[in-house]
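Please look over the sequence and the model shown here, and then follow the paragraphs below one step at a time.

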Amino acid sequence: MPGPRLVCGGISFHEAPVEVLEKVSFAKENFPLLLPQLQQELRLDEIVLLSTCNRVEFFAVAQSDAIPSVQWPEFLQRYHAISEDLSSHTFCVEGTACVEHLFEVASGLQSMVVGETEIFGQIKDAYETANTHKTTGKWLHKLFQSSFNAAKEVRSQTAITRGSVSVGSVSVELAEKIFGSLKTRKALVIGAGDTSEKTARALQSRGISDLYVTNRTLERAELLAHELQGHAIPWESWKEKILEIDILISSTTAPDFVLHAHEAKSLIKQRRGKPLFLIDLAIPRDFDPQINELDDLYLYNLDDLQKISSQHLQDRGGEIEKARQILRPHVHKLIEWIANHKKIIEAGIPSTKTTEHLHPRRPQN
Amino acid sequence: MNERLWILISAAFAFASTVWTFLPHRPQFHTRRGAQILLGFTFVALTLFLLKRGEVIHRCPLTNGFEATAFLTWGLIFTYFLIGTSFRLSILGAFTAPLSLFLLTLGWFFTKDTHPLLSEPAHWQSEFHAAISVLSYGTLGLASICGGMYLVQEHHLKTHDFSGWFNRLPSMGDLDSVLHRLLRWGFVLMTLGIISGFSTGLFEQVSKIKIIWAWLVWFWYLILLAVPRLFRLSHRRFAWASLLGYILVLLSFWIMNYLLGKN
């Protein structure tokens with residue numbers, strides 16, 4: 001009895017531009033019909049399909065006569081009615097390379113933002129969806145369970161997920177380092193810029209209790225406040241509001257500082273030492289940089305936040321090799337498990353080296 | 001086995017815990033757990049020293065600077081295990097270990113003879129007074145460690161430097177809250193210690209300098225707790241005051257005992 005022929009293929013941000021990725025993604029509601037269709041057309045015994053903003057990939061056990069490296073791009077073209085030849089954008093690998101690929105994707109090593117953990121949840125969802133539609137079997141169960149264990153170990157044993165990598169999440173991280181829990185904290189947004197809105201949303205996702213918005217045009221403030229479920233306050237009274245808030249986000253287009261160091265000094269006296277986190281997202285600056293020299297005031301501007309996020313990305317990149325070393329024994333363990341079940345195809349599972357020349361792997365970032 | 005050997009063993013464990021904590025590139029979990037276990041051994045060795053010493057002198061081992069420093073270190077680690085668990089601040093251990101090592105080293109400079117300074121036989125009031133006072137200094141010591149951690153974290157956030165301890169330290173908000181609680185508890189214990197001191201009836205035999213010192217320390221902590229309620233005091237200054245205040249208390253305690261021991 002032949003053993004499993006583990007195959008995976010796909011198209012991701014590594015190979016394809018966003019315009020192509022947008023065209024080839026699959027809606028989740030189509031999965032009940034799509035999964036059996038893929039199984040039939042690509043001649044697969046088992047399949048899990050993963051479709052996210054950055055990748056559309058399948059993990060499967062293929063029948064011996066299947067040629068997924070050819071059938072996959074053809075299927076994508078046919079299904080999405082795309083005339084463009086997609087074969088140059090897709091990849092397909094088998095055996096050990098397939099196992100390695102899934103483990104790396106689940107661990108966030110292949111993500112656009114290295115170490116992001118959202119992909120782990122997305123893979124779990126894809127696996128559960130396939131389970132629901134009964135397109136998984138013994139081999140994919142083992143493959144995915146092993147990938148979850150491997151990814152968890154990578155997360156706990158390396159710093160690959162450490163440090164936020166967007167302005168919003170860096171701001172949240174800093175706010176939590178200053179205040180601890182944000183549940184009772186209040187924030188004020190000055191100006192209705194896109195970045196400040198995202199930052200405010202990120203803070204809201206961590207449960208801040210109240211959010212105020214002010215703008216020179218009250219209508220714009222009210223609009224943003226409505227969207228963020230906050231309260232709009234008139235431009236004239238925002239400085240008084242500083243006395244009761246904990247986080248101040250600013251992104252106005254004012255040519256001069258909207259808050260000077262001497263004003264902040266007198267305000268902090270009235271706050272009786274309560275710390276204030278100031279996030280200056282404006283160019284030119286809204287807050288006088290000297291404010292950071294005052295006790296209990298913590299000022300970060302856009303450059304600072306971007307530097308932190310770049311540093312975190314760099315740090316995460318430095319953990320990739322360490323993560324691969326952690327994954328290696330997990331890959332061997334799975335391969336051994338397959339061997340022990342005496343389901344290996346005649347000559348055994350092809351190694352990464354032997355499959356790479358047949359199906360070139362996409363470049364690693 | 002000479003009971004002093006337990007002090008050396010506990011110092012060795014405190015040293016090992018310190019080194020373990022500061023070893024680079026170890027996974028965080030193992031760093032904390034390993035350091036905690038070693039600090040636990042420090043505590044056990046110190047407990048054994050205090051028990052053995054108690055057997056030798058037939059009273060609570062607080063009769064000279066050497067014993068008092070060992071008891072103080074024991075109180076500090078005891079409070080750490082109590083507080084670190086309650087407030088989920090196991091990272092406090094990273095700072096408790098080096099401070100314990102420092103105190104044990106400092107204590108070694110005192111005379112180690114077993115002649116009690118007090119000629120009266122031990123009675124429970126004086127034992128209680130001494131024990132509760134030492135525990136209060138342990139709690140205040142832990143508060144000063146919290147103050148130190150607050151200052152390190154504050155420095156990171158002010159200078160936008162996120163290397164070193166930034167990721168390992170708790171938030172400033174949490175540290176500030178624990179610092180205030182520990183100071184309040186330490187102050188309550190110290191007050192209890194002073195009140196219980198009145199009931200011992202041994203005032204005549206205790207050096208006036210020691211009594212004045214104890215009152216000054218109590219007064220210092222009263223001011224420290226009262227000032228933020230009455231005046232504006234930045235959190236950074238408060239943390240500095242708790243840290244430097246405790247260092248001054250320790251130094252003056254050590255100098256005073258050293259000089260009194262010599263005379």
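A residue is called buried if 20 or more other C-beta atoms lie within 10 Å of its own, exposed if 12 or fewer do, and partly exposed in between, with the C-beta atoms placed from the backbone. Thr195(A) has 19 other C-beta atoms within 10 Å and is therefore partly exposed. The model is a predicted one, in which local features need pLDDT of at least 70 and side-chain atom pairs count only at pLDDT 80 or more, while totals for chains, interfaces and linings use all residues. Residues are numbered from 1 along each chain as its sequence is written, and chains are lettered from A and ligands numbered from 1 in the order in which they are written.

Thr195(A) lies in helix 8 (residues 194–205) of chain A, where helices are DSSP runs of H or I with at least four residues, numbered from the N terminus. Leaving aside residues up to four places away in sequence, Thr195(A) touches Val167(A), Ser251(A) and Leu281(A), a contact being two C-beta atoms, placed from the backbone, within 7 Å.

A nonpolar core is a set of buried Ala, Val, Leu, Ile, Met, Phe, Trp, Tyr and Cys residues joined through C-beta atoms within 7 Å. In the largest such core, which has 114 residues, Ala187(A), Leu278(A) and Cys146(B) touch the most other members, and helix 5 (residues 124–159) of chain B gives the most to this core, with 13 residues.

Where the chains meet, 15 residues of chain B are in contact with 17 residues of chain A, and helix 6 of chain B gives the most to chain B's side, with three residues.

Methods: Helices (H or I, at least four residues) and strands (E, at least two) are DSSP runs, numbered from the N terminus.
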